[in-house]
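Let's take a friendly walk through this structure together.

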Amino acid sequence: MLSRVWNLAVRGLQLLTIALFAALVVDVLWGVVARYWPGIVPSDWTEELGIYLLAWVSLLGSALTYREHGHLGLDYFVTLFDPAAQRLTAIIVELCVLVFAGYGLCYGGYRLVADTLASGQLTPVLQWRTGYMYMSVPISGAFFVAFAIEHLLGRPLPSRPVEAAPSA
Amino acid sequence: MSAELLVLLIVFIAVLGLGVPVAVCLGLAAIVSIASIGDVPTGFLVAQRIATGIASFPLLAIPFFVLSGLLMGEGGMARRLIDLAAALVGHLPGGLAYVTTTTCMLFGAVSGSAVAAVSSIGSFMIPQMVTKGYGRDFSVALTATSATTGLIIPPSNIMIVYAVVAGNVSVAALFMAGFVPGVLVGLCIMIAAFFYNVKTGNQARMDPPPLMPALVAALPSMLLIVIVLGGILGGIFSATEASAVAVAYALLLGVGLYREISVRKLPDILLRSAKTTAVVMLLIGTSQAMSWALSFERVPQTVGEALLGLSQSPVVVLMIINVLLLVVGTFMDMTPATLIFTPILLPAVMALGVDPVHFGIILITNLCIGLCTPPVGTCLFLASSVGNTTIARVVPRVVPFFIAMVVALLLITYIPEISLWLPRRLGL
């Protein structure tokens, strides 16, 4: 039961990431079209919305990627360890991620969102609250924490995908 | 060296060695060193640097170039580019090897992903070369090294990453600056292949298809680079907008003209692009947090003074930096290496009068070599698996190409005009 709810949550996160990415493509293309299509008023909000969406897609996507061990790491030295040490190292890695995500993304992100919302800071064109963009930090942080716990509980996961090597 | 800096270094190297993702290492090092400064809201600062580091308009080009690269690679683009390359150089003695390198260069101008080049070109060309009597390990080494040219030939995401961390460097200038060096690296690889052909006496050609049909078939793919660079240079759109137009064009080709991508596959392609993008973005975000700590500790100044203390000569300093980056590149992937070392090294070389665009090309060419060297070499590893061989067997065959790439790197380092001539001609 719990695992079904969990799988649904992960699927939901994937769909949200896809939808936000699609919106990002449409948004920036609209910016180009609006500038050159006669009769349409050029819009400067597309740039701002694009940045907003980029933060969300990137951070939610990075949590999903972490679930599949897709982030770049220096795994060479670990391969030289014996199996017992490798298992121990794997646990240390997850703990490091827990500390980073728990303190840096969740707690730090919460402070960032709270302070920014309290200051009432708005984006220049859309007049949206900047705090809502920053909310991507603690929310993706929560997923990082959840995925780290999932890893620690030892659930079988897809192995590292080849396309994980980014700009290469 | 201050205590805080020592803490930062120790934390970073220790967790890095254990295989913690580089982005998390950077984040942890930033947390620990900012906390050790005291009197600053550590969590707030780290989260803020991550968020504002990612939320920048120039970086928007990265997800779009990733996506357009995937869309272009999904269809039969590699096959059409191979045909074009075969029509161009297949008739030469030993032409089969040159076709592989030429295809990689053409591919780079469209997709900009060396990894995609290795898998889609290698899976076709490596078996071809093996059938025609080339050694399997040689073919794998050739494919792995040739594929890196795509990262120097525009469009190139690593250049966008460099431009953003370097600050005030034009993406358009970097793109144009990469053209000649990318071709130069490709030529040097082909020269190495030429000597191998002569030595082994294998002069296998590739039956060239008629040029015109091959050109017509490949033209729609090649038009992408014309649209992207023409649009940027003509001032029609920014680099970011060009990347979005590239996505629209790739969609038009893949879904519309060639009908090689079904609409049902699009969500999956979007998700894969989002994940690839996310890897780069999280690295950028956390490296921005780390660089706050570094500049607070005046690390770039310290490193700069140390470098300039060794020598005031640009020739010597660039040599030291190249050796350092070659060593770093053997262990570390390109994006984290660029993010970590650009802010530290760039101020020092700029003090010596090196153009930041030129330095970007040096850095990227250098780190390309690292993609083909063990113990960590993405292209080498992937090519070995595509070619069904082992890394240990391929490494001896990489050596001549390694030398060729180092020669190209030295030429690019010491003849700035190779990089700067084209952007200057275009007034960038």
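Predicted model: local features only at pLDDT ≥ 70, side-chain atom pairs only at ≥ 80, totals over all residues.

**A pocket, a loop and an interface**

Four helices of chain B each give two or more residues to the lining: H1 (3-17), H14 (266-296), H15 (299-310) and H17 (334-351). Which of the elements gives the most to this lining? That is H1(B), with seven residues.

Next, move along chain B to the loop between helix H6 (95-110) and helix H7 (114-131), where you will find Gly112(B). Is Gly112(B) buried or exposed? With a relative accessible area of 8%, Gly112(B) counts as buried, because the cut-off for that term is under 20%. From here, you can look across to Thr149(B): this residue is 37 residues away from Gly112(B) along the chain, and 8.8 Å separate the two C-alpha atoms.

Finally, turn to where the two chains meet. On the chain B side, 72 residues are in contact with 60 residues of chain A. Together the chains bury about 5,500 Å², and 81% of this area is on carbon and sulfur atoms. The count of salt bridges between chain B and chain A is two. In a salt bridge that you can pick out by eye, the side chain of Lys275(B) meets that of Glu68(A), at 2.8 Å from N to O.

Note on methods. Residues numbered from 1 in each chain as written. Chains lettered and ligands numbered in written order. Heavy atoms only, no water. Buried < 20%, exposed > 50% of the residue type's maximum accessible area, 1.4 Å probe, protein only. Contact = heavy atoms within 4.5 Å. Buried area = accessible area lost by both parts, 1.4 Å probe. Salt bridge = Lys/Arg side-chain N within 4 Å of Asp/Glu carboxyl O.
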